[in-house]
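User: I am new to this structure. Please walk me through the terms as we go.
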Amino acid sequence: MSLRGFTRRRLLGAAGAGTALVGAGVAGGYLAGSAAEPDPPAQAIVPFRGVHQAGIITPAQDRLHFVALDVTATGPILRQAVVALLKRWTTAAERMTAGAEAAPGGAVNRNPAAPPTDTGEALDLPAASLTLTFGVGGSLLDKLGIPRPAALADLPPFQRDQLDPALSGGDLCIQACADDPQVAVHAVRNLVRMGFGTTAVRWSQLGFGRTSSTSTTQQTHRNLFGFKDGTNNLKAEDTAALDEHVWAAPTDGAAWMAGGTYLVARRIRMHVETWDRTSLTEQESLTGRTKGTGAPMGATDEFAPVDLGSPLIADDAHIRLASASSLGGVRILRRGYNFVDGSDGAGHLDAGLFFLAFMRDPQRQFVPMQSALARHDRMMEYIEHTGSAVFACPAGLGDGAYWGQSLLEA
Ligand SMILES: C=CC1=C(C)c2cc3[nH]c(cc4nc(cc5[nH]c(cc1n2)c(C)c5CCC(=O)O)C(CCC(=O)O)=C4C)c(C)c3C=C
Ligand SMILES: [Fe+2]
């Protein structure tokens, strides 16, 4: 069976081809059938090309593998090497998101005397809603001698930051999201492999249990503090709000970013052992929402409007400080994941939230929000920001275009 000319890794089941969601209505995402959305079928395919990159307003999948890379090529061949790699990556990414192997021939059907062109661990697995989202760090623009858009300036230091340079920054990033962890890991591994000689992995992060819903068709999942996370998020269906807060406009200053967005990634360690010794009253008070239903304090319904006039929502509650009304109308699209990276050798889990958020201008949106949280949020007693990066994610690709083309052929 073929899709856009690719041989699929696995034949679809009886419902397969009919549920392949190519070309569905939500740009960069699949169209859910009803309000009470069942889990997406494992075979679901999210279109790779579109107005916006997939993996931003696509209904958040369950698993993440995120990688930040540095470009190791230097000198006069730098630009040419980057263009060549981005073309190869685009071809492979489009194939893998359609459920095909990274390259023709793949794991077993090529010259047995040569290394296979696909690493093989996703053989037999369906596409699982895989999306691959690509971003460029300000450091790469510096290396290429291209001026950074103001929105891509480095973030300022925030109070209580404990950033590890080995978990921060990067010239390029790839966000792989899927409903099967092995599909996401396979995609990143194959792209990393193709980059040998031009790029090297700087840091990477696995995530599970999406902590944000990005569509009204999705239920809200819970973070590792046990609270529903993503209730008051921007949603794919609110296109006017996305235009205002997420998508860069041609008039924003960098023509090559029109229709794109900026990604802020923060690795946030959560001190779950301390949290687990904290009373429910305190947990709810500092969040500003109840733990059971996720309703704002004083309400019973998760989606009840937040009454910031209510004394039940403390001055230092997380949702008050992060709210649009406290920040002059600023909003962001959150798309983060839980993580547990083993333990720290001192009897504590190295667990937390890999915070990912898309926005039109991090300087105008993330900076004031994080400044307020870092200074006043009572939740800061339980968390620590250990990694940080910002990437420019250009618009989606038309037929034949490659990742980064709007930047490199401007
Ligand atoms: C700078 C932006 C934000 C960081 C960093 C952040 C970290 C963080 N958040 C939670 C848990 C919850 N956050 C919730 C809401 C919420 N958080 C942010 C921003 C950041 N959070 C915003 C903009 C909002 C929405 C505010 C509003 O207008 O209501 C919630 C409530 C549920 C929800 O609406 O999503 C929880 C719970 C953790 C644990 C965390 C760091 C580890
Ligand atoms: Fe939050």
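Analyst: Start with packing. The buried residues of helix 9 pack against strand 7 (261-270), helix 8 (318-321) and strand 10 (349-359). Helices (H or I, at least four residues) and strands (E, at least two) are DSSP runs, numbered from the N terminus. This is a predicted model: local features need pLDDT of at least 70, side-chain atom pairs need pLDDT 80 or more, and totals for chains, interfaces and linings use all residues. Residues are numbered from 1 along each chain, and chains are lettered from A and ligands numbered from 1 as written.

User: Which residues of helix 9 are called buried?

Analyst: Phe 366, Met 369, Gln 370 and Leu 373. Buried means that 20 or more other C-beta atoms, placed from the backbone, lie within 10 Å of a residue's own.

User: What puts them on the same side of helix 9?

Analyst: They cover an arc of only 90 degrees around the axis, so they share one side of helix 9. That arc is of the directions from the helix axis to the C-beta atoms.

User: Why is the protein chain called as compact as a globular protein of its length?

Analyst: The chain has ten helices and eleven strands. Its radius of gyration is 21 Å, close to the 22 Å of the globule rule for 410 residues, so it is as compact as a globular protein of that length. The radius is taken over C-alpha atoms, and the rule is 2.2 Å times the number of residues to the power 0.38.

User: How much of the chain counts as buried?

Analyst: Of the 410 residues, 47%.

Notes: Buried ≥ 20, exposed ≤ 12 C-beta atoms within 10 Å, placed from the backbone. Contact = placed C-beta atoms within 7 Å.
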